[in-house]
Amino acid sequence: MRAPYGSGPLAPAVLAVRGAALLLALVALAHTSVRGLAEPGLALVFGLLVAAGELVRRGTAAGEREPAPLAAAGALAYALLGDSAGRPTTHGALQVITVVVVAQALAAVPRRACGRRTDADRAARRTLTVGFAAVCFQPLYASGQAERWFGDGPWFPLFPLTVLALTALCDAVLAALLARSAARAGGPGALPPYGSLLVDEVRALAGTGVAIGATGVVTALGVAVAGPWAPAVLCGPLLLTQVSARRYTAVRTTCGQTMASLARATEIAGYTPPGHARRVAALATAVGRELGLTGPRLTVLEHAALMHDIGQLSLLDPVAGGATARLPAAEQRRIALLGGAVVRRTGAGPEVAAVVEQQADPYREQPLAARIVRTVNAYDDLCGESVGGPLRALEQLRLGTGHDHQPQVVEALGRVLARGGLTPAGAG
């Protein structure tokens, strides 16, 4: 998933997912060993496709939800396979799970030999989702019930598409469950609501998920007409998509590193205290999670918090302690607008620039991300002034909720600090 689970005890949700996947795999392997491998040629083709998809990935980049789309599409295609060259197949749901599990295990051997990490949770999630698709499709197809419902004509593709939609929802449920467990294992900070994570995962299906699902369905239908040679032709575009997606992810990673470097420019020039941008970004992200932000909205907040003081480089003389919260409102807005202009030239995106530009506006006119940056920045400034510690700083923020700070944001900040999930601001 998006974050490592740490070295501590596994969360019950992670244990449940891994246990269910292991049980399903053992049942499938035992059944296939007893009954034998049906249509070994097809099993070999799809097993090689899944293994090749796992081998061509180089690892999970930051923010990448599916590093092996070719493997995922091949596994779905085998689960949704009914005919091969016009003849009905007989492999069944449990053989689908067996082939996918064995292919993933074989692909993991050279990866481990090269020192690459094996993501057990992603493998368990794929086993369960592919098993769900196979169990929904294979019995209905083999019994003829699907043909009675959808007919043997142009409406039949609606059947695998319906199964695919249900499988995508199942995968999103598991992904959100594992993501929440990862956040809990990451420390005592803010725990994102499960509903927000689920919505985030469902929205993400509009990207690579559509390409994976469409390729899986088209490959299954192609094998039904052309036979086992269809995957070699139909999965080519997805491989190109995988390469393009990885390059895009690499560009985003480079952009994030660039912003982190620019954020330190104010510290190096003596305009802000050491570590100020990093502390504000970390604390703002925790407050954003507390208020239900996930996915792209949380990324925008983090980047805006990193860059919120970049406009101070336009000042002739640094502000004492870098505490812009003490400046007149007009000067704060001027610095914020200049900072937004700089951010627009970094490629960070207009959403990040808009948050930086609006951080000095009255909170009732700000989006939520700008309200969070404004409040967390003021908190760090107050702690840096030695006003009496975090409690005294929070008290001053509460006194400013009439005009300067949204009460809900201040209270969320208080809850995050009360849990001790982050180092107190001003710690350097």
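## A covered helix

In this predicted model, the buried residues of helix 3 are P69, L70, A71, A72, A73, G74, A75, L76, A77, Y78 and A79. Helix 3, which spans residues 69-79, is therefore mostly covered, since 11 of its 11 residues are buried, where buried means under 20% relative accessible area.

## The nonpolar cores

The largest nonpolar core holds 42 residues, and the members that touch the most other members are V287, L301, V343, I372, Y379 and L397. Two or more residues of this core come from each of helix 10 (236-263), helix 12 (276-290), helix 13 (295-306), helix 15 (350-358), helix 16 (368-384), helix 17 (390-399) and helix 18 (407-418). Helix 16 gives the most to this core, contributing 9 residues.

Apart from this core lies another one of 39 residues, and among them are A75, L76, A103 and A134. As a general background, nonpolar side chains in soluble globular proteins tend to be buried together.

## The surroundings of V343

When neighbours within four places in sequence are left aside, V343 is in contact with M307, I310, A348, V352, A353 and V356.

## A residue in strand 1

S84 lies in strand 1, which covers residues 83-84. Is S84 buried or exposed? Because its relative accessibility is 10%, and buried means under 20%, S84 counts as buried. Not counting residues up to four places away in sequence, S84 touches L42, T89, V223, A224, G227 and P228.

Definitions and conventions: Residues numbered from 1 in each chain as written. Predicted model: local features only at pLDDT ≥ 70, side-chain atom pairs only at ≥ 80, totals over all residues. Heavy atoms only, no water. Buried < 20%, exposed > 50% of the residue type's maximum accessible area, 1.4 Å probe, protein only. Helix = DSSP H or I, 4+ residues; strand = E, 2+ residues; numbered from the N terminus. Core = buried A, V, L, I, M, F, W, Y, C linked by side-chain atoms within 4.5 Å. Contact = heavy atoms within 4.5 Å.
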